[in-house]
Amino acid sequence: MIKSYLSSLLTLISFVLIESALLSNISFLPAFPDFMMICVLYFSVRNGKVAGQTMGFASGLLLDLFSGAPFGMSCIVRTIMGYLGGIFHNLMNYKSFLVNIVAGFSATIVKAVLIYGISLLFPKYVNSYHLFSSVFALELALNTIFTPIMFKFFGAFDAFLALPDRRLR
């Protein structure tokens, strides 16, 4: 169990560095895939609500430390997303290509709606998505495309990232 959480945390740290150090500094990209969101989605769908919330909070904390977002905003958004993804633990086939596409698409919409809701409460501090803009459409498309790829990649490391199934004991 500890091995799974530490491996997941190391994965999150790797992707937050990729997003904050590499992708955010490429000036010609108007949007890029949210690898951290896809990681949280995988961990929650694979391991359940508690693991999803934990990894969601950890990824949000890392994003808040490395970004200019108001401290705590990413934590709450990612924790909620981890919980919602964990609801589908044992309900969906996370190895299915089509299911992964739908999951990536849906998670991006949920993230945008959550950030929009927070921006209504704190309009001076939070920049929200314009849900009908080309930048959001590009991020939605990239997340939808990269979700099955990353789920397949994480599947190769399932021995490290998956929690042991307690029903087998």
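**How the labels were reached**

Modeller: Let me begin with Ala69, which sits in the loop between helix 3 (49-66) and helix 4 (73-87); please keep in mind that this is a predicted model.

Biologist: Why is Ala69 called partly exposed?

Modeller: Its relative accessibility is 24%, and since buried means under 20% and exposed means over 50%, Ala69 falls in between and counts as partly exposed.

Biologist: What does Ala69 touch, leaving aside residues up to four places away in sequence?

Modeller: Ala69 touches Asp64 and Ser74. Ala69 and Tyr125 are 56 residues apart in sequence, while their C-alpha atoms are 8.0 Å apart in space.

Biologist: What makes Phe15 and Phe35 an aromatic pair, and why is the pair called tilted?

Modeller: The structure holds 10 aromatic pairs. In the case of Phe15 and Phe35, the ring centres are 5.6 Å apart, and the cut-off for a pair is 6.5 Å, so the two rings qualify. Their planes stand at 40°, and because stacked requires under 30 degrees and edge-to-face over 60, the pair is tilted. Phe15 belongs to helix 1 (residues 2-22) and Phe35 to helix 2 (residues 35-47), 20 residues apart, and the pair links distant parts of the chain.

Biologist: How do you know whether Phe15 and Phe35 are buried or exposed?

Modeller: The relative accessible area is 13% for Phe15 and 11% for Phe35; the limit for buried is under 20%, so Phe15 is buried, and so is Phe35.

Biologist: Which kind of aromatic pair do Phe15 and Phe154 form?

Modeller: Phe15 and Phe154 form an edge-to-face pair, with 6.1 Å from centre to centre and 85° between the planes; that angle is set against a cut-off of over 60 degrees. Phe15 lies in helix 1 and Phe154 in helix 6 (residues 134-155), so the pair ties together parts of the chain that are 139 residues apart in sequence. Both Phe15 and Phe154 are buried. One aromatic cluster includes Phe15, Phe35 and Phe154, with Tyr42, Phe43 and Tyr94 also among its members.

Biologist: What makes Leu17 partly exposed, and to which surface patch does Leu17 belong?

Modeller: Leu17, found in helix 1, has a relative accessible area of 42%; this value lies between the 20% and 50% limits, so Leu17 is partly exposed. Leu17 is one of the residues of a nonpolar patch on the surface, which also includes Leu9, Ile13 and Phe57 and has about 740 Å² of accessible area together. Helix 1 and helix 3 are the elements that give two or more residues to the patch, and helix 3 gives the most, with four.

Biologist: Why is the contact between Lys111 and Asp34 called a salt bridge?

Modeller: The side chains of Lys111 and Asp34 meet at 2.7 Å, N to O, and the cut-off is within 4 Å, so the contact counts as a salt bridge. Lys111 lies in helix 5 (residues 97-121) and Asp34 in the loop between helix 1 and helix 2, so the pair ties together parts that are 77 residues apart in sequence. Lys111 counts as buried at 4% relative accessibility, and Asp34 likewise counts as buried at 4%.

Biologist: What other salt-bridge partner does Lys111 have?

Modeller: Lys111 and Glu139 also meet in a salt bridge, at 2.7 Å, N to O. Glu139 lies in helix 6 and Lys111 in helix 5, so this pair ties together parts that are 28 residues apart in sequence. Asp34, Arg78, Lys111 and Glu139 are linked in a network of salt bridges.

Key
Residues are numbered from 1 along each chain as its sequence is written. This is a predicted model: local features need pLDDT of at least 70, side-chain atom pairs count only at pLDDT 80 or more; totals for chains, interfaces and linings use all residues. Side-chain values use heavy atoms; hydrogens and water are left out. Buried means under 20% relative accessible area, exposed over 50%, partly exposed in between (1.4 Å probe, protein chains only). Contact means heavy atoms within 4.5 Å. Rings of Phe, Tyr and Trp (its six-membered ring) pair if their centres lie within 6.5 Å; planes under 30 degrees apart count as stacked, over 60 as edge-to-face and the rest as tilted. Patches are made of residues with over 30% relative accessible area and no salt bridge: like charges are joined within 9 Å, nonpolar side chains (Val, Leu, Ile, Met, Phe, Trp, Tyr) within 5 Å. Accessible areas come from the Shrake-Rupley method with a 1.4 Å probe; for residues, only the protein chains shown count as cover.
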